[in-house]
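Please keep the sequence and the structure in view while reading.

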Amino acid sequence: MITDPKLLDVMQELMQREPIFHRSEFGTTRLDFERMTDAMFWEVGASGRRYSREYILDVLEQRSANPTDDSWEAKDFHCIEIAADNYLVTYTLLQGERMTRRSTIWRRSGLDWKIVYHQGTVIIDR
């Protein structure tokens, strides 16, 4: 997949924010995570379970209180505009032996970005 050259600046900006909730420069507190997410945010995890914004905020708050060293590599980014100021970013995330495909819908909100939806799918066959 090739990202439209008109979207390369947007993709670069959003690549700096992925994987979501793992970039301390964008915040580490519950309030920071609330600001990052749209009020209607929800997620489908690699398990296939659906998670509400409130549940994710609770998990992130607990993770911030007990940080761990998390190594990962994000690659193969692609970006498309799915509606005015709404973008779908897809990429592959490597976390040790675990590989997932990730999808995030981002909404430009003034000068900032809001996460509307996120999904991770484990890759079984490489």
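**From fold to core**

Among contacts (heavy atoms within 4.5 Å) in the protein between residues at least 6 apart in sequence, 45% join residues at least 24 apart. This is a predicted model, in which local features need pLDDT of at least 70 and side-chain atom pairs count only at pLDDT 80 or more, while totals for chains, interfaces and linings use all residues. Residues are numbered from 1 along each chain as its sequence is written, and side-chain values use heavy atoms, with hydrogens and water left out.

The protein contains three helices and six strands, taken as DSSP runs (helices H or I, at least four residues; strands E, at least two) and numbered from the N terminus. Their order from the N terminus is α-α-β-β-α-β-β-β-β.

Of the 126 residues, 39% count as buried, meaning under 20% relative accessible area with a 1.4 Å probe, protein chains only. The largest nonpolar core has 22 residues; such a core is a set of buried Ala, Val, Leu, Ile, Met, Phe, Trp, Tyr and Cys residues joined through side-chain atoms within 4.5 Å. Leu14, Phe21, Tyr87, Val89, Trp106 and Ile115 touch the most other members. Two or more residues each come from α1 (8–15), α2 (30–36), α3 (53–65), β3 (73–83), β4 (86–95) and β6 (112–122), and β4 gives the largest share, four residues.

Leaving aside residues up to four places away in sequence, Val89 touches Leu14, Glu18, Phe77, His78, Cys79, Arg102, Ser103, Thr104 and Trp106.

Notes
Buried means under 20% relative accessible area, exposed over 50%, partly exposed in between (1.4 Å probe, protein chains only).
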